[in-house]
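Biologist: Please take a close look at one loop of this model. Then carry on to the other local features worth checking by eye.

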Amino acid sequence: MSWRNVVKPLSTADVAGNLVSQKFRHPTLPMVIDGVVIGFAGYNNPAFGELRVRIYSDRSGSPGKLIATSTNGRAKADVHTLANFMKWATFQFDDVQLQAGEWYHLVLVPSAYTGVDASFLAWRMSYPDPQYPLVITDLDAAGAARHHLDFALHGYTIGGED
Amino acid sequence: MGKCVGICDFNYLDEDYVAQRRESSEKAAYPASNVYDLQRRTRVWRSDGFFLVVDGENSIVFQEQAGVNLTALVAPGEYATPTLFFAAVKTALEAAGVATYTVDTAASGKIRIASNLGGGATVFRLMTTAVAFAEMAEILGFGTDTDFTGASTYTADVLRMHSEEWLEWDLGFPTNPGAFLLASDRNSPLKITPNCAVRLQGNWTRDWTAPAVDLEVPYDEFVLGLWDFTNGLAGSSYPSGFRYWRVQFVDPSNPRRYLEFGVCYLGHVYVTERGCSVFPLEFGPQDLSTVNYAEAGQGFGQELPNTSGIQVTWNALTKQEERELRLFYERTKRTRAFFIIMDSVEQEDGTGAFSVNNRDWVKLVKFQTDPRYRLSSPNFFEGGWALREEL
């Protein structure tokens, strides 16, 4: 039996441009999102300013255009006081409307962040069971490994087309 | 309730009064004229997709040979349908380049641009990171973080069903309306998103670059509205008001791909001076469903829409006020719908005088029965209205 990570470590490059993201969609209904819950972890007191979550459109499987950034950030002091931790936090959005059937990406964005092997933030994986079926989530084309990343959406769907 | 009740008794947008009505766009089956008919709130106007292209913000930077930027200039103007706008984009691309282009929408509704790589073109790249492309990229829905390369067809990142939409009215002479109201089906939310920016604008001319009055209309699920019983919507600085008014909507990523409204009111509000509607206010929902019972006692419901009934009691009306209300009923009878603003006063915490959301108490109603008045003493009238909310 081999070791498996239950988190996806975020390197400096993962945050700077080669974004680690989790794809999601509602297959049949438009959505209005006012909050996203993300599970994340820290190893060996990672340095960062605050965490925010962004929603991107999908461009060929990767994050495309930035659609919205969470209206609240989570400062390091709010997140943890221990060197090693695992947390779930809610990030608020200002009623972001999303199309039915279209893929979007969630991206966890720490500011003033340096992620190296010896000290990093990480996005919790939805391990061992996927949270959602594949019509709702898909694996990240940017290389988030084999498990979905942990998230929950808060908001509502709006009626179908008529 | 005191003087927080306003009766919307004169819609300046009626065809008999308004000089000219214009709309940004309309779907053929849902014309904008529907929105001015207060008698049928479910007969609606739907936008089709209006695109405004401004000179100096009309560049599309692209490549047909690797490393050689070309700039297409989309003709500035107002495009009342997506088809016209797409044709203008195609014309601009083909004027600047050598290939043939197709501009349309993907199944998702996102704008799509394709090149046939003909005429000697070797690549098709949309250089969205070019500064000059920024405004058109926003209108088209293409992200500007990275260029679009490696294909001959590119679909926009996000939905853009319009750049804006509007309804515009020329009232013929300066006018200062007391209320502006927009509503649709009573039992389903307005088909706009919570991010829809709605503005009511008034101006002396049709130039909306910097209107004299530019008011934000707050989002509400069921009724959009503004009113000012004291100074009118033009405000105390412009008591005579403006000849031109319009409502502007910016909701380009609306997943429904259209805006929809059923009734629109811009007009006078009658408010009593001494007399007033008084508590208690009697009201309640009316479920129009019917239930039939089987011999064994089971109930079978035929579910129909809800409406509501409202009893308004008037007190201390002067003879002039009684006359106004009586003449109002002579015009509306039991057959014509009108708006009544029942909780006009907004508290500091955003709630109404007697409701959590005073937009809930903007009702499109008809008289359910004939009103009754009583002269209790000289120049003191009492009365009662039974209203039923329109569907």
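Modeller: Arg257(B) sits in the loop between strand E17 (242–250) and strand E18 (260–261) of chain B. The model is a predicted one. Phi of Arg257(B) is positive, near 75°, and the residue is not glycine. Most residues other than glycine have a negative phi. Arg257(B) counts as partly exposed because its relative accessibility is 36%.

Chain A has a positive phi too. Asn44(A) has a phi near 60°. Its place is the loop between strand E3 (31–43) and strand E4 (50–59) of chain A. With 39% relative accessibility, Asn44(A) is partly exposed.

Back in chain B, look at the peptide bond between Phe279(B) and Pro280(B). It is cis, with omega at about 0°. Most peptide bonds are trans. Pro280(B) belongs to strand E20 (residues 276–287) of chain B.

Next come the salt bridges. The whole structure holds 26 of them over all chains. One joins the side chains of Lys363(B) and Glu389(B), at 3.6 Å from N to O. This pair links distant parts of the chain, 26 residues apart: Lys363(B) is in strand E25 (residues 362–367), and Glu389(B) is in strand E27 (residues 380–389). Both Lys363(B) and Glu389(B) are buried.

Glu390(B) pairs with Lys366(B), and their closest N and O atoms are 3.4 Å apart. Again distant parts of the chain are linked: Glu390(B) lies in the segment after E27 and Lys366(B) in strand E25, 24 residues apart. Glu390(B) is buried at 10% relative accessibility. Lys366(B) is buried at 14%. Glu390(B) also forms a salt bridge with Arg388(B), at 3.6 Å from N to O. Arg388(B) is partly exposed, with a relative accessible area of 22%. Elsewhere, salt bridges with shared partners tie Arg22(B), Glu78(B), Glu168(B) and Arg206(B) into one network.

Now helix H1 of chain B, residues 82–96. At 1.5 Å a residue, its 15 residues should span 21 Å, and the end C-alpha atoms are 21 Å apart, so the two agree. Buried residues of H1(B) are Pro82(B), Phe85(B), Phe86(B), Ala88(B), Val89(B), Ala92(B) and Leu93(B). Seen down the helix axis, they fall within an arc of 155°, so they line one face. The face turned away from that buried side carries the exposed residues Thr83(B), Thr91(B) and Ala95(B).

Last, the surface of chain A. Val6(A), Met86(A) and Trp88(A) make a nonpolar patch of about 280 Å². Met86(A) lies in strand E7 (residues 85–98). At 36% relative accessibility, Met86(A) is partly exposed.

Note on methods: Residues are numbered from 1 along each chain as its sequence is written. Chains are lettered from A and ligands numbered from 1 in the order in which they are written. This is a predicted model: local features need pLDDT of at least 70, side-chain atom pairs count only at pLDDT 80 or more; totals for chains, interfaces and linings use all residues. Side-chain values use heavy atoms; hydrogens and water are left out. Helices (H or I, at least four residues) and strands (E, at least two) are DSSP runs, numbered from the N terminus. The expected span of a helix is 1.5 Å times one less than its number of residues. Buried means under 20% relative accessible area, exposed over 50%, partly exposed in between (1.4 Å probe, protein chains only). The arc is that of the directions from the helix axis to the C-beta atoms. Patches are made of residues with over 30% relative accessible area and no salt bridge: like charges are joined within 9 Å, nonpolar side chains (Val, Leu, Ile, Met, Phe, Trp, Tyr) within 5 Å. Accessible areas come from the Shrake-Rupley method with a 1.4 Å probe; for residues, only the protein chains shown count as cover. A salt bridge is a side-chain nitrogen of Lys or Arg within 4 Å of a carboxyl oxygen of Asp or Glu.
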